[in-house]
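Colleague: I have the sequence and the coordinates open and would like to go through them with you. Shall we take it piece by piece?

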Amino acid sequence: MDSADYIEVALRLANADLTDVEAVRAALHDEPWWADRLRDSDLPLLREVSEGLRRALAAMMASDGPAQDETVRAEINALLAAHPPRPRLSGHGGHDGAPNWHVHVAGPDAPAVDEVAAAAAWGLAQGVVAHGTARWGRCEAEGCSTYYLDTSTNQAKRFCSPRCANRMHVAAFRARKRA
């Protein structure tokens, strides 16, 4: 995995439905080596990490200034302290005998929940390093509260997905036609 993948893990966990382990597995579908090993007993820890991620994301969207920066720093550092990454180089999964070099954030025998927590904490920290705090947002679509990272050129993203954007634009169009 690279830093962009870990950012995605952080966002997926922050946005995940944590009511049961199947919902978490669905959110982490791109990481089956974690998702398939998660258990019901992992849910309390995943909820705790998700809450910390959401607090940090909410602080990033609050008004700019030193207080906001300190809150972001404190929330992310608390996550990193509670779920420290323990990086290790891996080369499995390559093709034609060449290794697929990447970094794991937990030891080979670590429980999946520990690696998910460390990956999410590391991903959010790396996201702030790479993108700052101004590019994070929360979907403005009615009924959606999904967090996202705006990597668009003009930094004008308002919705988490084309689906939400289209839904809101169609609703606005229909409201204008009625008026």
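This is a predicted model: local features need pLDDT of at least 70, side-chain atom pairs count only at pLDDT 80 or more; totals for chains, interfaces and linings use all residues.

Colleague: Is Val 21 buried or exposed?
Modeller: Residues under 20% relative accessible area count as buried. Val 21 has 9%. Leaving aside residues up to four places away in sequence, Val 21 touches Leu 38, Arg 39, Asp 40 and Leu 43. Val 21 is therefore classed as buried.

Colleague: How far apart in space are Val 21 and Trp 33?
Modeller: In sequence, 12 residues separate Val 21 and Trp 33. From C-alpha to C-alpha, the distance between Val 21 and Trp 33 is 14 Å.

Colleague: What kind of aromatic pair do Trp 33 and Trp 34 form?
Modeller: The structure holds 1 aromatic pair. The ring centres of Trp 33 and Trp 34 are 6.1 Å apart, with the planes at 65°. Planes over 60 degrees apart count as edge-to-face. The pair of Trp 33 and Trp 34 is therefore edge-to-face.

Colleague: Where does Asp 30 lie, and how far is Asp 30 from Asp 5 in space?
Modeller: Asp 30 is in the loop between helix H2 (21-27) and helix H3 (32-35). Asp 30 is partly exposed, at 42% relative accessible area. Asp 30 and Asp 5 are 25 residues apart in sequence, while their C-alpha atoms are separated by 9.7 Å.

Colleague: What span should H4 have, and what do its end C-alpha atoms give?
Modeller: H4 has 19 residues, and at 1.5 Å a residue they should span 27 Å. Among the buried residues of H4 are Leu 43, Leu 46, Val 49, Leu 53 and Met 60.

Colleague: Within what arc do the buried residues of H5 fall?
Modeller: In H5, the buried residues are Gln 68, Val 72, Glu 75, Ile 76, Leu 79 and Leu 80. Viewed down the axis of H5, these buried residues line one face of the helix, because they fall within an arc of 135°.

Colleague: What does UniProt annotate over residues 135-177?
Modeller: Over residues 135-177 the chain is 37% helix and 14% strand. The end C-alpha atoms of this stretch are 33 Å apart. The annotation, from an unreviewed UniProt entry, reads "domain: Zinc finger CGNR".

Colleague: How many disulfides does the count come to?
Modeller: A disulfide needs two cysteine sulfur atoms within 2.5 Å. Cys 144, buried at 18% relative accessibility, has its closest cysteine sulfur in Cys 139 at 3.7 Å, which is too far for a bond. Cys 160 is in no disulfide either, the nearest cysteine sulfur being that of Cys 144, 3.7 Å away. The count comes to 0 disulfides.

Colleague: How many helices and strands does the protein have, and what share of its residues count as buried?
Modeller: From the N terminus on, the elements run α-α-α-α-α-β-β-α-β-β-α, giving 7 helices and 4 strands. The C-alpha atoms fill a box of roughly 60 × 40 × 35 Å along the principal axes. Of the 179 residues, the share that count as buried is 40%.

How values were computed:
Residues are numbered from 1 along each chain as its sequence is written. Side-chain values use heavy atoms; hydrogens and water are left out. Buried means under 20% relative accessible area, exposed over 50%, partly exposed in between (1.4 Å probe, protein chains only). Helices (H or I, at least four residues) and strands (E, at least two) are DSSP runs, numbered from the N terminus. The arc is that of the directions from the helix axis to the C-beta atoms. UniProt positions are given in the numbering used here, feature names are shortened, and annotations may be inferred rather than shown by experiment. Rings of Phe, Tyr and Trp (its six-membered ring) pair if their centres lie within 6.5 Å; planes under 30 degrees apart count as stacked, over 60 as edge-to-face and the rest as tilted. The expected span of a helix is 1.5 Å times one less than its number of residues. Contact means heavy atoms within 4.5 Å.
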